[in-house]
Amino acid sequence: MPFLLSTHGAVFSTRPRGASLRSEAIASRDANEELRISFAGVQSISYSFADEFLGPLMSAPGTVVLEDVAAPLHRIILGALERRGIHTSEEELFRSSLPA
């Protein structure tokens, strides 16, 4: 079952919020299970939130799958990951995305 960001709101910002929700997402999965994060219903995220929420997850061992990511969020997520030296393609990262 994916971690549903929308249960925590529709607009996300700040590093502390990113760190807090990252901890919740990690705690929500079973051991050795891929972490699926659903962005369905998420309207906006800041670079600082994306960096703190996704950066450590994408840097750590294990599989993280981003689902239902609206096209306007792609640029922010990719930018935050690239600043951490995590290079991935849009096609690979956003396998199941929502249109703009």
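**Exercise 1.** Determine whether R22 is buried or exposed, and which residues R22 contacts beyond its sequence neighbours.

*Solution.* Step 1: R22 has a relative accessibility of 16% and therefore counts as buried (under 20% relative accessible area; exposed is over 50%, partly exposed in between, with a 1.4 Å probe and protein chains only). This is a predicted model, in which local features need pLDDT of at least 70, side-chain atom pairs count only at pLDDT 80 or more, and totals for chains, interfaces and linings use all residues. Residues are numbered from 1 along each chain as its sequence is written, and side-chain values use heavy atoms, without hydrogens and water.

Step 2: R22 lies in helix α1 (a DSSP run of H or I, at least four residues; strands are E runs of at least two, and numbering starts at the N terminus).

Step 3: With neighbours within four places in sequence left aside, R22 is in contact with E52, F53, P56 and L57 (heavy atoms within 4.5 Å).

**Exercise 2.** Describe the packing of α1 against α2.

*Solution.* Step 1: Helix α1 spans residues 15-28 and helix α2 residues 47-59; they pack at about 35°, with axes 7 Å apart (lines fitted to C-alpha atoms over the stretch in contact, angles from 0 to 180 degrees between N-to-C directions).

Step 2: On the α1 side, the residues include R15, L21, R22 and I26; on the α2 side, they include F49, E52, F53 and L57.

**Exercise 3.** Find which residues L5 touches.

*Solution.* Not counting residues up to four places away in sequence, L5 touches F12, L21, I37, S38, F39, V42, F49 and F53.
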